[in-house]
Amino acid sequence: MESKTILKVNNVNAFYSGIQALWDVSFTVEKGEIFAIIGSNGSGKSTLLKTITGIMRPASGEVEFMGKRIDGIAPHSIVELGISHIPEGGRLFPDMSVQENLEMGAYISRVWKERKETLAHIYDIFPVLKDRQGQLARTLSGGEKQMLAVGRGLMSKPLLCLFDEPSYGLSPKFVTEVFHVIESLRERGITILLVEQNVRHTLEIADRAFVIENGRVCLEGRCNELLNSEYVKKAYLGL
Ligand SMILES: Nc1ncnc2c1ncn2[C@@H]1O[C@H](COP(=O)(O)OP(=O)(O)OP(=O)(O)O)[C@@H](O)[C@H]1O
Ligand SMILES: [Mg+2]
């Protein structure tokens, strides 16, 4: 029988020059779901994503993607396997055009040949990027930059997308749009791991989530349960 689990993180511990940032973090993500990570500033959310994308090597513990150990593998090999990371702030190439930025996202052997078709597909999802394909990335508005970062992440045709605060700094209209895009990716069968500060909106669209505090998972469950949890209401929803 085919496994439903796409990502398995098992007892991961990670350090920055001797200071422990993640403590025994374990969770699994099922194929086709939106799994959210909630936590305050400095709680270890981005660090956790970095241990999955190979930017950071856990000191102990395992990360498995589609049943294969990936901790310790180089970041580009992890992209090749089908994981895409849309980092905090997007990390665009500011002096390259919209189209060149998108093409950089397809710079792996698995998808390079099909990049023209993929690009057309991304322009269907984000017509705003098509209209601005020749414009330099640094001259885009904040919302347009975020769309470009998401579009570039999709150019590698990922099975699993990791989003690090995609709604950060956006006006309410763009926040809604980014959340719509994420939901539409799930409809296309892409699994999503979503880090967000916009807790209510996130728990409304995600299937399951956990709360991380000081590098430790302190609460985990289905999002409808978390929305009703007294702890989440008090600490994250301001109720
Ligand atoms: N390169 C680094 N060197 C040393 N310490 C780091 C480094 N990156 C992160 N840290 C520390 O690790 C802890 C977790 O940071 P991390 O970036 O994972 O938090 P976060 O949950 O993503 O926070 P935010 O919501 O502010 O983005 C913080 O205390 C941070 O100062
Ligand atoms: Mg972060």
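Q: Leaving aside its neighbours within four places in sequence, which residues is Leu194 in contact with?
A: In this predicted model, Leu194 belongs to the residues with the most contacts inside the largest nonpolar core. Setting aside neighbours within four places in sequence, its contacts are Ile34, Ala36, Ile37, Phe163, Ile182, Thr202 and Ala206.

Q: How many residues has the largest nonpolar core?
A: The residues with the most contacts inside this core are Ala36, Leu162, Ile192, Leu194 and Ala209. The core itself has 64 residues.

Q: In what order do the six strands of the open sheet lie?
A: The edge strands are E6 (83-86) and E10 (216-222), each of which pairs on one side only. Neighbouring strands are turned by 15° against each other on average, direction ignored. The pairing is mixed, and the order is E6-E7-E8-E3-E9-E10.

Q: Do E9 and E10 run parallel or antiparallel?
A: Strands of a sheet pair through backbone hydrogen bonds, in either of two senses. Strand E9 (residues 208-213) is joined to E10 by six bridges. Arg208 stands opposite Arg222 in E10. The two strands run antiparallel.

Q: Which residue in the turn of the E9 and E10 hairpin has a positive phi?
A: The hairpin has two residues between its strands. One residue in the turn has a positive phi of about 45°, and that residue is Asn214.

Q: Which residue in E10 is the bridge partner of Phe210?
A: Phe210 is in E9, where it stands opposite Ile37. E3 and E9 pair in the parallel sense over four bridges. In E10, the bridge partner of Phe210 is Glu220.

Q: What angle does the direction of H1 make with that of E7?
A: Helix H1 packs on the sheet and touches strands E3 (34-38), E6, E7 (160-164), E8 (191-195) and E9. Its direction makes an angle with that of E7 of about 150°.

Q: At what angle does helix H6 run to E6?
A: Helix H6 covers residues 142-154 and lies across E6 and E7. The angle to E6 is about 165°.

Q: Which helix gives the largest share of the shell around ligand 1?
A: Ligand 1 is surrounded by Tyr16, Ala21, Gly39, Asn41, Gly42, Ser43, Gly44, Lys45, Ser46 and Thr47. The largest share is three residues, and they come from the helix of residues 45-53, H1.

Q: How many residues of the shell around ligand 1 are polar?
A: Among the surrounding residues are Asn41, Ser43 and Lys45. Two residues of the shell are nonpolar and one is charged. The polar ones number seven.

Definitions and conventions:
Residues numbered from 1 in each chain as written. Chains lettered and ligands numbered in written order. Predicted model: local features only at pLDDT ≥ 70, side-chain atom pairs only at ≥ 80, totals over all residues. Near = placed C-beta within 6 Å. Nonpolar A, V, L, I, M, F, W, Y, C, P; charged D, E, K, R; others polar. Core = buried A, V, L, I, M, F, W, Y, C linked by C-beta atoms within 7 Å. Buried ≥ 20, exposed ≤ 12 C-beta atoms within 10 Å, placed from the backbone. Contact = placed C-beta atoms within 7 Å. Pairing = 2+ DSSP bridges. Axes fitted to C-alpha atoms, helices over the stretch in contact; angles between N-to-C directions.
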